[in-house]
Amino acid sequence: MIIPANLSYKLIIILIIFIALTMNIYIEYNNTLDHNKLLMQENQNLTDLVGNLIIDRAQLFNRIYEIELIEMDIEDRMPSLRPAPGRISSYFGVRRTPYRSGAYQFHTGVDITGKYGEDIIATATGIVIHAIRTGTYGKMIVIDHGYGYTTYYCHLSRYDVELGEEVIKGQVIGGMGRSGRVTGVHVHYEVRLFGTPVNPIKYMD
Ligand SMILES: [Zn+2]
């Protein structure tokens with residue numbers, strides 16, 4: 001078959017145009033695929049980001065809750081009450097000893113007067129670490145509150161708690177008495193911070 005020269009020339013041009021168009025469509029198609037892939041990746045990244053934000057937020061709320069629990073615990077364990085409602089007959093600090101005229105001593109707590117057998121309460125939550133009888137302090141209860149705080153309740157008439165018992169703030173732990181070296185019915189109350197007596201008045205609301 002003989003194709004005229006000008007027709008074959010036209011055919012070649014048409015063929016080239018056809019090939020060019022086909023290739024263009026193919027490239028466009030591939031570009032669209034890549035574009036879609038990128039969009040999907042972006043979408044995934046955003047989803048991950050939102051997920052992480054939700055987790056961060058939840059962790060933050062957990063942390064705040066934990067801090068609130070610790071604050072509540074500190075509040076419970078910080079001495080803030082009077083062990084008995086009566087009159088304070090002797091304050092913290094240097095005073096004349098009631099036993100030897102002219103002599104001075106450092107009074108390591110406060111004395112609160114009241115009736116014999118009157119309820120004595122724990123001024124903060126803690127664990128009873130001593131429920132013993134000593135010569136000077138008579139029947140004595142010591143509570144460890146953690147955070148460096150201990151409280152002492154002396155000259156008691158009775159114990160309402162045992163060694164090792166967990167007590168809560170405001171709980172009755174014993175009775176006011178005159179056991180040990182005393183001149184009358186009262187409770188000698190001490191607050192100690194890391195073992196050193198501090199002024200209990202500062203720990204009474
Ligand atoms: Zn005292």
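Methionine 140 is in contact with His130, Ile132, Thr134, Tyr152, Tyr153, Cys154 and Leu156, leaving aside its neighbours within four places in sequence. Two residues are in contact if their C-beta atoms, placed from the backbone, lie within 7 Å. The model is predicted: local features need pLDDT of at least 70, side-chain atom pairs count only at pLDDT 80 or more, and totals for chains, interfaces and linings use all residues. Residues are numbered from 1 along each chain as its sequence is written.

Met140 also belongs to the largest nonpolar core, which holds 25 residues. Such a core is a set of buried Ala, Val, Leu, Ile, Met, Phe, Trp, Tyr and Cys residues joined through C-beta atoms within 7 Å. Buried residues have 20 or more other C-beta atoms within 10 Å of their own. Ile120, Met140, Ile141, Tyr153, Cys154, Leu156 and Val187 touch the most other members. At least two core residues come from each of strand 4 (110–113), strand 7 (138–146), strand 8 (149–159), strand 10 (172–176) and strand 11 (186–193). Strand 8 gives the most, with six residues.

One helix and twelve strands make up the elements of the chain. These are DSSP runs, numbered from the N terminus (helices H or I, at least four residues; strands E, at least two).

Of the 205 residues, 22% count as buried. The C-alpha trace spans about 145 × 35 × 25 Å along its principal axes. The radius of gyration, taken over C-alpha atoms, is 42 Å. A compact globule of 205 residues would have a value near 17 Å, by the rule of 2.2 Å times the number of residues to the power 0.38.

Terms used:
Buried ≥ 20, exposed ≤ 12 C-beta atoms within 10 Å, placed from the backbone.
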